[in-house]
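Please consult the sequence and the coordinates alongside the text.

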Amino acid sequence: MTEHHRFRGLATKAIHAGFRPDAATGAVNAPIYASSTFAQDGVGGLRGGYEYARTGNPTRAALEASLAAVEEAEYGRAFASGMAATDCALRAVLRPGDHVVIPDDAYGGTFRLIDKVFTQWGITYTAVSLADLDEVRAAITPQTKLIWVETPTNPLLSIADIAGIAQIASTSAIKLLVDNTFASPALQQPLTLGADIVLHSTTKYIGGHSDVVGGALLTSDEELDTAFAFLQNGAGAVAGPFDAYLTMRGLKTLALRMRQHSENATLVADFLANHPAISSVLYPGLPSHPGHEVAAKQMSAFGGMVSVRMAGGPDAARKLCASTEIFILAESLGGVESLIEHPGAMTHASTAGSQLEVPDDLVRLSVGIEDSTDLLADLEQALG
Ligand SMILES: *Cc1c(COP(=O)(O)O)cnc(C)c1O
């Protein structure tokens with residue numbers, strides 16, 4: 001039995017999988033291999049399997065192995081950003097004439113790439129509410145090759161039943177990709193529910209400290225991984241060794257952080273649900289959320305993202321974003337620090353005028369791991 005098989009729990013894998021103490025020095029962390037090329041012992045005589053760092057770099061390989069381990073995948077590929085991973089996945093699976101089903105509140109950048117770029121290369125798409133399996137079935141055409149799932153979605157926190165969609169996809173030989181950025185593997189492991197591919201913006205919870213941009217694709221399908229590896233090397237949007245190191249450092253505390261994000265977000269959601277300035281709270285942990293039952297089935301906790309709609313409309317939304325002191329007004333999410341933003345004007349501005357346009361009275365919170373009493377007091381003063 002290899003050492004790998006003793007790493008059963010996610011927290012253990014996040015800390016140990018991918019790199020064991022260096023045989024030469026005993027270093028417990030993967031070194032940052034700042035080397036673009038690797039010496040050969042005679043032509044083609046590779047020492048550690050590495051020749052050129054776009055094709056492979058040991059620091060990146062360590063990150064790829066640890067990400068594969070935490071997503072229960074056979075293979076992992078790390079990219080320069082979540083969007084680079086998105087681009088690679090779309091090009092690996094789709095050909096001109098193919099059709100993809102996407103969520104009607106997909107991440108703005110994903111929608112922009114498909115709508116503005118891939119349609120120019122003969123790809124068509126249908127955006128539907130993935131919370132409704134009948135809508136998913138109705139969107140499938142003979143040309144459909146891919147169903148693209150986010151759950152929870154960004155920024156409306158709607159929930160898709162991964163196992164239910166996997167069943168629909170497999171009966172039509174359609175690949176199922178789950179963008180697992182919001183939940184992270186600590187809360188939800190889509191490959192174990194029947195997905196073919198997991199995508200991450202590791203910029204968010206996996207990196208966890210708002211100090212690095214990255215992306216990843218994980219799969220147990222060898223053919224898909226071969227296509228990802230070919231494009232990763234052929235198009236070159238790879239994670240650099242410094243970024244890979246930072247991402248691995250973040251991953252080691254993922255399980256611990258996700259527990260605290262979820263605990264704090266639950267307290268924030270409960271507080272806001274009872275505040276008169278808020279007309280509705282979108283958080284899958286609330287029993288009133290339409291996706292609560294499915295979320296409780298496929299997630300071990302409900303994560304750190306909470307969105308709210310303001311009773312006072314768009315002006316109240318902008319005012320709240322400008323009035324918090326601990327919650328920092330900024331795009332992005334998933335770091336240790338709490339962030340607040342107005343999706344309609346910020347992260348999701350590219351969806352304006354489209355089917356994916358988000359409501360103007362919406363505020364999105366990325367609840368961090370500060371003391372929850374401080375977070376609640378900050379929201380109270382900002383709303384007061
Ligand atoms: C941020 C994000 C992406 C894009 O990732 P980048 O690292 O910013 O390129 C994709 N999907 C989701 C759900 C995201 O939040």
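Is Y50 buried, partly exposed or exposed? Y50 is partly exposed, because its relative accessible area is 22%, and buried means under 20% relative accessible area, exposed over 50% and partly exposed in between, with a 1.4 Å probe and protein chains only.

## Basis of the model

The model is predicted: local features need pLDDT of at least 70, side-chain atom pairs count only at pLDDT 80 or more, and totals for chains, interfaces and linings use all residues. Residues are numbered from 1 along each chain as its sequence is written, and side-chain values use heavy atoms, with hydrogens and water left out.

## Overall architecture

The chain has 12 helices and 12 strands. These elements are DSSP runs numbered from the N terminus (helices: H or I, at least four residues; strands: E, at least two). Of the 384 residues of the chain, 51% count as buried.

Along its principal axes, the C-alpha trace spans about 75 × 50 × 35 Å. The radius of gyration of the chain is 21 Å, which agrees with the value near 21 Å for a compact globule with 384 residues. That quantity is taken over C-alpha atoms, and the globule rule is 2.2 Å times the number of residues to the power 0.38.

Of the 13 residues around the ligand, M83, D179, S201, T203 and K204 come nearest; a residue counts as near if one of its heavy atoms lies within 4 Å of the molecule. By class, this shell has three nonpolar, seven polar and three charged residues. Here Ala, Val, Leu, Ile, Met, Phe, Trp, Tyr, Cys and Pro count as nonpolar, Asp, Glu, Lys and Arg as charged, and the others, Gly among them, as polar.

The protein buries 91% of the 380 Å² that the ligand exposes when taken alone; accessible areas come from the Shrake-Rupley method with a 1.4 Å probe, and for residues only the protein chains shown count as cover.

## Aromatic pairs

A pair of aromatic rings is described by the distance of the centres and the angle of the planes. The structure holds two aromatic pairs. Rings of Phe, Tyr and Trp (its six-membered ring) pair if their centres lie within 6.5 Å; planes under 30 degrees apart count as stacked, over 60 as edge-to-face and the rest as tilted. F38 and Y50 form a tilted pair, at 5.6 Å centre to centre and 40° between the planes. F38 and Y50 both lie in the loop between α1 (10-16) and α2 (58-70), 12 residues apart. F38 is buried, with a relative accessible area of 16%, whereas Y50 is partly exposed.

The pair of F111 and Y125 is edge-to-face, with 5.9 Å between the centres and 90° between the planes. F111 belongs to helix α4 (residues 108-117) and Y125 to strand β3 (residues 124-128), so this pair ties together parts that are 14 residues apart in sequence. F111 counts as buried at 4% relative accessibility, while Y125 counts as partly exposed at 24%.

## Backbone features

Most residues other than glycine have a negative phi, and most peptide bonds are trans. The peptide bond from T151 to P152 is cis, with omega near -5°, and P152 is placed in the loop between β4 (144-150) and α6 (162-171). Another cis peptide bond joins N154 and P155, with omega about 10°; P155 lies in the loop between β4 and α6.

A173 has a positive phi, near 55°, and is found in the loop between α6 and β5 (175-179). At 65% relative accessibility, A173 counts as exposed. S210 also has a positive phi near 55°; S210 sits in the loop between β6 (197-201) and β7 (215-219) and is partly exposed, with a relative accessible area of 45%.

## Residue E222

E222 is found in helix α7 (residues 222-235) and counts as exposed at 53% relative accessibility. From E222 to S338 the C-alpha to C-alpha distance is 39 Å, and the two residues are 116 apart in sequence.
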